[in-house]
Each structure stands twice: as C-alpha cells, then as structure tokens.
Amino acid sequence: MAQLSRRAFAQLIGAATAATALPIPVIARTKSVRAAHSVRLSANENPYGPSDAARRAMIDAIPIACRYPDDAIDALVADLAKLHGVSERQILLGDGSSEILKLSSMAFLSPARPLVVADPTFEALPIAAQGAGVDVRRVPLDASFAHDTVKMLPAAQGAGLVYVCNPNNPTATITPDKSLRAFIAAVPGDTIVLVDEAYHHYATSTGYTSVVDLVATHPNVVVSRTFSKIYGIAGLRIGYAVAQEATIKRLSAQQAWDTVNIMGLVAARASLTDQQHVAHHRLLNNEAKAWLRRQLDQLGYHMLPSDANFVMIDLGKDVKPLIAAMRTNGVEVGRLFPAMPRHLRVTIGTPEEMQRFVDALQKVAEAKKAA
C-alpha cells in the first residue's frame, strides 16, 4: 500500500495538530447514519476548523445570543466593505454563499430569462432555477476543464444570469483571468454575471485573480464569497455578495429577515483578522494535495490540477459503484457528477484522513480486480 514516509507523515501531523487547538466532533447527518470513525471527504470542508480568534469570539458572544443580530450584521458589513474597498451598501450577507445563489435565482431569472452555467459546476443555482420553471443552458467545460467562455457568450444572449464558479466545483480548476474578464466585458449589460469565489483563498495558479474589482465598473457583476471554506466555519453559515448598490437592492428584496446569526457573525469578523490562519491552512492543503498526487500517480490515476481544497480524479471507469464501496470501507467521497461519470471528487482532509482514503481506494480497486 502507498504510505507516507515516517518523517513526512510526522511533519504533516505536527502541522495539522498545530492548526487547531480543539478536536472537531464527527456528527452523523440526518439523511444517513455515518459509520463510526468514518472519514468525511465529501463536503469540501476545512477539517481543522475555525481559527483560535474565531473560537474566542464565539465564546465571548454567548451572553448576547439572546439578542437579534442587527448590530453584529452592521459590524461585519463594515469590515467587508473596508476589505473590498466598497460602500457598505454594496455588501449583502447571506446564510452561506448558497443563499446568495438562491437570491440571485429569484432576483434575476424568470421563464423568459434563462440561466447559463458550465457543465459540470456547483448545482445549487441550477436546481433553484429549475424549481422556478427557468430554462438552464448548460455549456460543457473546455478541454482544460475551464469555463468555455467562447461558447458561453452566445448562450448568454437573452439570459437573466450567467453563473461562473471560479475555482470551479467539482473540478477544482480555474477559468483564467484574461478570458473571464474578456467574457464579462462582452456579456450584455442586462445579463447578470455571478462569479462564485467560494474557493478564492485556496487558489494559487498564476492565471487566477478575483474579479471583485470589476464591480466598480460593471453594474451586472456580482461576486459571492463564503466563510465556509478556508475560514472553517461552514456550520455557522456565513457568506456574502459584493455588487453595485442597485444590484444589492434587487437581491436583498428577495431575502428573509435575519438569515445570519450572532455566532457566525462574530466568528466571521474574527476570522478576517487572522490572516496567519488563512496562510497556514492553505499551506496544509497544498502539502496534502501534493502528497495525494504522488500516491495517485503510483496507483495509475490522473488528478486534475486543483486550486481548491478538493480534487477531481479520473479513475477511467464508472465511479458510482466505487463511491458506494468507499463508504462501506469507512470513507465518504463526493457525489456522482453526471457530466464526468469517470471522475471522483475528493475533499482534502488531514494527513491521516488522506492516508485512509488512499488505503481504501487501493483496497476497493484490488477487490474489483479480483472479482
């Protein structure tokens, strides 16, 4: 079996241990009971959890949990506006960035104004659109697994919204900055372009940059971000949108009252002050990805380039049976993506979790060969 060298394993374990002061309990989902001691590599979470600053902020906020979150909302909005160099009226908080996607579907789409997405990409927005009777125009990714902006442009004619997940989920690949900016410049002004930057902090490729700066000159650009990934507070559900004021008003008109909570708000504010946490967790993620790539190369599997905290692996065969077999062996991996039925999405976990994944993958592969 593929194994970490003793020295490398010890170094990664030490770094991982230093990344968090408190253990993270494994909690079974309501949809299915997770086997005891199973490894969860299915949801693109940060396995090390929030920073110490965020933990302390949550503890300190317990006495005000009886209060509505208005003041805390204002405080986080002010911090985010300063971070991005925009007005506070250009920020909208949400119940994770998923709420921003849902609000965008409600605000900008209709049966007469379709949605344009890559195939595959994150499904939340297409699912919301289809539920409202909206036509979804799917454009396959290009040969490098980037958004095919050349083919997406004609599809955008007459559309209400174009969704660009960058880095993309489930492929973990980027759409280069040059082609994305040219695409945004060419999209009709009455079509919203929503760029989902949930994995922004993990991206290290030279061809990637955020497009938040385009908000200043493009009324039709919305950028979504989340605290669910590198900041490690997915369970607290805090995300946000950056856009021009009129666009934010259209989004907020669809939103219910108080969809964010005190604990998430104070944890998010504290997280913004701890850039060392971001840099360290990006380093841990990159080290684990590099190790995994080496193991997969030895096993004869190809891993797509990754600028996120997950990877997409070409197994050369239908992955649906393997997903079930991996679960039986105590490792939960990503769901099936119909546009890429031979590829398996795997979240990057701790060194121990990645070793468990490689061991289980090899065991399952060997069992199938023997069958």
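Which residues of α3 are buried? They are Ala72, Leu76, Val77, Leu80, Ala81 and His84. Buried means under 20% relative accessible area, exposed over 50% and partly exposed in between, with a 1.4 Å probe and protein chains only. This is a predicted model, where local features need pLDDT of at least 70, side-chain atom pairs count only at pLDDT 80 or more, and totals for chains, interfaces and linings use all residues. Residues are numbered from 1 along each chain as its sequence is written, and side-chain values use heavy atoms, with hydrogens and water left out.

**The whole protein**
- The protein has twelve helices and twelve strands. These are DSSP runs numbered from the N terminus: H or I of at least four residues for helices, E of at least two for strands.
- Of the 371 residues in the protein, 54% are buried.
- Among contacts with a separation of 6 or more, 74% join residues 24 or more positions apart. A contact means heavy atoms within 4.5 Å.

**Helix α3**
- Helix α3 covers residues 70-84, 15 residues in total. From first C-alpha to last it reaches 21 Å, close to the 21 Å expected at 1.5 Å a residue. The expected span is 1.5 Å times one less than the number of residues.
- Seen down the axis of α3, the buried residues fall within an arc of 165°, so they line one face of the helix. The arc is taken from the directions from the helix axis to the C-beta atoms.
- Asp71 and Lys82 are exposed, on the face of α3 turned away from its buried side.
- The cover over the buried residues of α3 includes β2 (91-94), β7 (221-226), β8 (239-242) and α9 (262-272).
- Gly85 follows α3 and has a positive phi, near 65°.

**Second largest pocket**
- This pocket holds about 550 Å³ of space. A pocket is an open set of points on a 1 Å grid over the protein atoms alone, with protein on both sides within 12 Å along at least five of seven lines; lining residues have an atom within 4 Å of a point.
- Its lining has 19 residues, and Ile73, Leu92, Ser252, Gln255 and Trp257 are the closest to its centre.
- α3, β2 and α8 (245-252) each give two or more residues to the lining.

**Largest cavity**
- The largest cavity has a volume of about 60 Å³. In a cavity, a 1.4 Å probe fits but cannot get out. Volume is the space filled by probe spheres set on the grid points, which are joined across faces, edges and corners.
- Residues lining this cavity include Glu45, Tyr202, His281 and Asn309.
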